[in-house]
Amino acid sequence: MLIRYKKAFEKIAMGLLSFMPNEKDLKKLQQTINQYENEDDRQLFLWREGEDFIGLIGVLLKDPNIVEVQHISVNPSHRKQGKGKCMVKALHDFYTEKEIKPCDETAPFLNCCKFDDDIPKGNE
């Protein structure tokens, strides 16, 4: 289930973000977390199964109708199990009236999700 980020989850979120290629540097991670904490047009969600947080998805609210996925990460031990696609579907369910678009970095994964009939395709 998608859980909105809060400060208590900072270390977990930083750990999950560090799996993204452009988020390896500690200063970059801290800057990214700071943006999600302080900028109203950014939202970070963690994916929890049972008691464990195994993924996250971060978005930028581009305008009233577009949500751009900036970050998506799944713990490597939970990859290839459809967890990322579940997060994308939950994001579509959360932002029902908005079009979900990828940024350049998340496009390869999100484009795969668009071809899956179980994932809503937004306002195409």
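Me: Which strand does β4 pair with, and in what sense?
Reply: In this predicted model, β4 and strand β5 (residues 99-102) pair in the parallel sense over four bridges. Two strands pair if DSSP finds at least two bridges between them. Helices (H or I, at least four residues) and strands (E, at least two) are DSSP runs, numbered from the N terminus.

Me: How does the chain get from β4 to β5?
Reply: The chain passes through helix α3 (residues 83-94), and this β-α-β crossover is right-handed. That term applies if, with the strands pointing away from the viewer, the path from the first strand over the helix to the second runs clockwise.

Me: What is the bridge partner of Glu 68 in β5?
Reply: The partner of Glu 68 is Lys 101.

Me: Before going on, what are the ground rules for the numbering and confidence?
Reply: Residues are numbered from 1 along each chain as its sequence is written, and side-chain values use heavy atoms, with hydrogens and water left out. As the model is predicted, local features need pLDDT of at least 70 and side-chain atom pairs count only at pLDDT 80 or more, while totals for chains, interfaces and linings use all residues.

Me: Helix α1 next. Which of its residues are buried?
Reply: In α1 (residues 10-17), Ala 13, Met 14, Leu 16 and Leu 17 are buried. Buried means under 20% relative accessible area, exposed over 50%, and partly exposed in between (1.4 Å probe, protein chains only).

Me: Where do they sit around the axis?
Reply: They cover an arc of only 165 degrees, which puts them on the same side of α1. The arc is that of the directions from the helix axis to the C-beta atoms.

Me: And what do they pack against?
Reply: The buried residues of α1 pack against α2 (26-38), β2 (42-49), β3 (52-63) and β4 (66-74). Contact means heavy atoms within 4.5 Å.

Me: How many aromatic pairs are there?
Reply: The count comes to four. Rings of Phe, Tyr and Trp (its six-membered ring) pair if their centres lie within 6.5 Å; planes under 30 degrees apart count as stacked, over 60 as edge-to-face and the rest as tilted. One of the pairs is Phe 45 with Phe 94, which is edge-to-face at 5.1 Å centre to centre and 65 degrees between the planes. Phe 45 lies in strand β2 and Phe 94 in helix α3, so this pair ties together parts that are 49 residues apart in sequence.

Me: What about Phe 45 and Tyr 95?
Reply: Their ring centres are 6.3 Å apart and their planes at 80 degrees, so the pair is edge-to-face. Tyr 95 lies in the loop between α3 and β5, so the parts it ties to strand β2 are 50 residues apart in sequence. Phe 45, Phe 94 and Tyr 95 form one aromatic cluster.

Me: Which of the three are buried or partly exposed?
Reply: Phe 45 is buried at 1% relative accessibility, and Tyr 95 is buried at 8%. Phe 94 is partly exposed at 41%.

Me: What does Val 59 touch?
Reply: Val 59, in strand β3, is buried with a relative accessible area of 0%. Leaving aside residues up to four places away in sequence, its contacts include Phe 45, Glu 68, Leu 91 and Tyr 95.

Me: Last topic: how many disulfides?
Reply: The structure holds zero, a disulfide being a pair of cysteine sulfur atoms within 2.5 Å. Cys 86 is partly exposed at 38% relative accessibility, whereas Cys 103 is buried at 14%.
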